[in-house]
Amino acid sequence: MGIETMNFRRVIKWLFKFISYVALAIVAVIVIALFSFWIELGSDVTLPTPTGSFAVGRATFHWVDSLRVDSLSPQPLTKRELGVWIWYPASRMAADSVVAYDHADWESASDTQLGFALADLFWRDSRKIHPHSIKKGRISDKQAKYPIILMKSGIGTMAADYTTYAEDLASHGYVVVGSDAPYSTFRIVFPGGRVVERTAEGNPGEFEYFSEDRIRVLNRLLGIWTEDTRFVLNKLEQLNSAESSNQFFGRLDIQSVGVFGHSFGGATAAQFCLDEPRCKAGVDLDGAPYGSVIKNGIHKPFMFLLADHGGETDSVSVQIRTNIENIYDSWPQEHYWIRLQGAKHFNFSDRPLQTEIVTSRIFGATGSIGGRRGLEVSSSCLRTFFDRYLKGSPAASIRDLPGKYPEVRFERKLNE
């Protein structure tokens, strides 16, 4: 009995040592990981350089739709108001300085409201993200007019979260106009310091994917966001025709209007293309479609540029694919369905440059394509599509994209 007891104690002692070593190793890994996160997110990052020949200017506006009551506002009879961002081809001046990635008052509001949170360990301070757009740059005189591309972000994100796309398109001679959606965008700060937070009615994320409550909220939002996009286009028409000191007077090609959006912004782009005669072409970046466009389709050039969803067989994925097929088949001659191999949902935004890369990959927000490569390929797909359908460029061939980028996969045979 004595020998057996001694052996048992030795085993217990060894197990305690082993567990202690494992615990120390886990703690060491966590400390090293957090230190790595801190080093990565504490460093500055510059967005991908725009590939076009134009310098890029950026202007921001606060626009109020005096004809429309905001049904999402908790205050009755409040008019719908939007934060609007415009990126445009600019004439570079020697003294021009680069804009901040985000509005300074928005960043201050986040600092005050959030304080320190664990999530701060995995997100880069927007003041450390550096775009290329310049302040106060006048619209370039190299062309008489520039086509317009309307841009819609996903629920929760801001227009600024898609700066890479906006700057690249503007550098190729487009006026890109994004807008933030009150009560859906994570946080908006309006003039006077008014902070508008996201609400449950503006963000159906807590509902089951195809539940009645979620569909109800999303269909309601789709109508609001589509009207927001129409209102922005109407305001651009006013800027273009109102003879004043505004630099966009007479410089916008209202006959050449495209739209693209990410996630729910992609659903909005599809619905807007159906509803709005002025829209000539559109792109959905990894967004599940909603609304009447699923049944009615789109008889205009349209592209679905999607993440790598190959092999997904769950009921939600099957339903989304069926809805996309209904739209695609409505006019397959000039509809495109592209899968970006190795891309996940947030590869279609600046998020890979905003967040810690390992954590983002682990949680499936971004994929193996890599942040900069994903933005490079998707930017080229966007530019090629709009060059063809807004500029009529004969050299812009969507068919050639897989040859340039092996990650590009056509889900359906082209019928060009």
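So, the hairpin: strands β8 and β9 make one, with 3 residues between them, and Gly192 in the turn has a positive phi of about 90 degrees. Strands here are DSSP runs of E, at least two residues, and helices are runs of H or I, at least four residues, numbered from the N terminus. β8 covers residues 187-190, β9 covers residues 194-197, and the two run antiparallel, joined by 4 bridges; strands pair if DSSP finds at least two bridges between them. Opposite Val189 you'll find Val195 in β9. In β8, Arg187 and Val189 point one way, Ile188 and Phe190 the other, and all are buried. Buried is under 20% relative accessible area, exposed is over 50%, and partly exposed is in between, with a 1.4 Å probe and protein chains only.

Quick word on the model: it's predicted, so to speak of local features we need pLDDT of at least 70, side-chain atom pairs count only at pLDDT 80 or more, and totals for chains, interfaces and linings use all residues. Residues are numbered from 1 along each chain as its sequence is written, and side-chain values use heavy atoms, leaving out hydrogens and water.

Next, Gln271. That one sits in helix α5, residues 264-275. Is Gln271 buried or exposed? Buried, because its relative accessible area is 5%. Skipping residues up to four places away in sequence, Gln271 touches Leu222, Thr226, Tyr290, Gly291, Ser292 and Val293, where contact means heavy atoms within 4.5 Å.

Last stop, Val22, in helix α1, residues 2-42. Val22 is partly exposed, since its relative accessible area is 34%.
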